[in-house]
Amino acid sequence: MNSSDLAFLTLVEARSLLERGEISSVELTRNEIDRITAFDGRLKAFITVLAESALEAAAAADARRRQGERQALLGVPVAVKDLFNTAGIRTTGGARVLADNVPTTDATVVRKLHDAGAVLLGKTNMMEFAYGYPHPDFGETRNPWALERTAGGSSGGSAAAVAAGLAYGALGSDTGGSIRSPASYCGIVGLKPSYGRVSRHGVLPLAWSLDHVGPLTRSVADASILFDVIAGFDVNDPASAQVERAPTSSSLDHAVAGLRVGIVDEMFERFVRPEVHDVAREAVAKLGQLGVHLESVTLPHLDLIAPVINPIVQAEAASYHRHTLEDRPNDFSDEVRDNLRLGATILAIDYLDAQRARRWILDGVADALTRFDVLLYPTQPIVAPILDSYSIQPGATDDVLDVEIGHTGLANLTGHPAVSLPAGFTVDGLPVGLQLIGRMFDEASILRLGRAFESATNWHRHHPALEP
Amino acid sequence: MNDNQSDQETATSVLLSSAGIPVPATEIGKIAQMQRNAANARLALRAMRLLETEPVTSFAAQYSEVEDDHE
């Protein structure tokens, strides 16, 4: 097996090789570090690469396996977005403000990765404080499928690393689509779990009433494994939910025939570019061949997603960064500083009205999910934008961030679990994502349907051709 | 700059100042413009008139639908 074949194994396949003793964690880890060295100069997927400590952890994992240990991720190299606290390892949030920030403890999810035996390869690049714009000190992560395009945000580094075969999985965060959007643009799987299902303790917030943590992977089965490792109640996260569920991996291969899937037709039209529409509709047809029951569904107030989510993000982010904005305004990028200042001008009544209107949107989705097991529409209406472009096509006035959040922000407002699946490619070879939204705390159903879809299509087996 | 713009920029400056966030005078115009755009974007929400909706006491209203048939 050559370096590329090894790197593009799914996490499940790499773990199987480890379990059968056909490869060591040191070999897997060294291959990933060699690829990061070769490719990341152009991709900018990583802020910090932990080559030395990763190889030490890999050697320790190999020793533990020889002693009979069998944790879920023992010896598997993964990465985490650079907003998860890592004890003794710099955690920047993609921001100059935190350039020298070295936490003393791990975020809960990082501790869970360590407990499961994972090898931490490094901390991935991201938009500054997860707020839609890269800080010039770190630059923007490029899309492995088209280097002149963005990997998306804000978890673009995690998405690019996984898509480019620089990690077997990664963690990201999602406030308005920051896991699902880059997953869609990079042709991988991105899971935003239910609100409260995965701890945010030790994770830099953007907007706490919308923030979620979840995995980005090259297959649905991989996402299931990572999700099962990181999910669970945490007394240290005030929004953590005390919900017990069977591991999603236990039902991943159950039959999908008979599942009721609601197709949100409006979201196949709203700002959707023709090339995305065609791919998404083909994906729906493929789902129909799996024996699921497809039916159109109308959700109310979809036009309000951006007007509702934006003031919530703006106000909560401004509150969190208020004192840094007072003390070190020039250490922010211009774009993030301006948006934080804007957030400080949001009136209390506008924030509260947005939270009240959020209930309408939640009620509409919850009502639909009494009749359907899963809702479906394209993750994003567009393909990965060209770097530094602010409109969805030349000459258009629609703001890219508003268009993006208008699609993915729905599941942040309602808290329902949502996954983006690789759904195919445009004629230009750019990935398109399909989003499945499930009932609260029912990650299992969307992963099960996603698994059936990817087994039938194999889009997840397509990988970008990279040159050093 | 017309009077309306001037008034708007003064209002923006007062808001930021009251929040303890210093903004140089040369940058107030940009923030005031962003504030106008954001207010315009929220007009659709204001037009819905929230008067008859029940007040929300928690962001996490989704907890009410925890149970399903996977238990």
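Reader: Among contacts in chain A between residues at least 6 apart in sequence, what percentage join residues at least 24 apart?

Author: This is a predicted model, in which local features need pLDDT of at least 70 and side-chain atom pairs count only at pLDDT 80 or more, while totals for chains, interfaces and linings use all residues. Residues are numbered from 1 along each chain as its sequence is written, and chains are lettered from A and ligands numbered from 1 in the order in which they are written. Two residues are in contact if their C-beta atoms, placed from the backbone, lie within 7 Å. For contacts in chain A between residues at least 6 apart, the share that joins residues at least 24 apart is 79%.

Reader: How does the radius of gyration of chain A compare with the globule rule?

Author: Chain A has 14 helices and 13 strands; helices (H or I, at least four residues) and strands (E, at least two) are DSSP runs, numbered from the N terminus. The radius of gyration is taken over C-alpha atoms, and the globule rule is 2.2 Å times the number of residues to the power 0.38. For 468 residues the rule gives 23 Å, and chain A is close to this, so it is as compact as a globular protein of that length, with a radius of gyration of 20 Å.

Reader: Which strands stand at the edges of the open sheet, and why is one side of each left without a neighbour?

Author: The sheet is open and mixed in its pairing, with 11 strands of chain A in the order β1-β3-β2-β6-β8-β7-β12-β13-β11-β9-β10. Two strands pair if DSSP finds at least two bridges between them. Each edge strand has a single partner strand, so one side of it has no neighbour in the sheet; these strands are β1 (46-49) and β10 (293-297) of chain A.

Reader: What angle does the direction of helix α9 of chain A make with that of β12(A)?

Author: Helix α9 (residues 274-288) packs on the sheet, touching β9, β10, β11 (374-378), β12 and β13 (431-438) of chain A. Axes are lines fitted to C-alpha atoms, for helices over the stretch in contact, and angles run from 0 to 180 degrees between N-to-C directions. The direction of α9 makes with that of β12(A) an angle of about 105°.

Reader: Is G165(A) buried or exposed?

Author: G165(A) lies in the loop between α6 (156-163) and β6 (170-174) of chain A. A residue is buried if 20 or more other C-beta atoms, placed from the backbone, lie within 10 Å of its own, exposed if 12 or fewer, and partly exposed in between. Not counting residues up to four places away in sequence, G165(A) touches S4(A), A7(A), F8(A), R35(A) and H463(A). Because 24 other C-beta atoms lie within 10 Å, G165(A) is buried.

Reader: How does K44(A) count by its C-beta neighbours?

Author: K44(A) lies in the loop between α3 (25-43) and β1 of chain A. Its phi is positive, about 60°, although K44(A) is not a glycine. It has 19 C-beta neighbours inside 10 Å and therefore counts as partly exposed.

Reader: And is F129(A) buried or exposed?

Author: F129(A) lies in the loop between β3 (119-124) and β4 (142-143) of chain A. Phi of F129(A) is also positive, near 50°, in a residue other than glycine. Because it has 28 C-beta neighbours inside 10 Å, F129(A) counts as buried.

Reader: Which element gives the largest share of the side of chain B that touches chain A?

Author: In this interface, 31 residues of chain B are in contact with 39 residues of chain A. Elements that give two or more residues to that side of chain B are α1 (3-18), α2 (25-41) and α3 (43-47) of chain B. The largest share, 6 residues, comes from α2(B).
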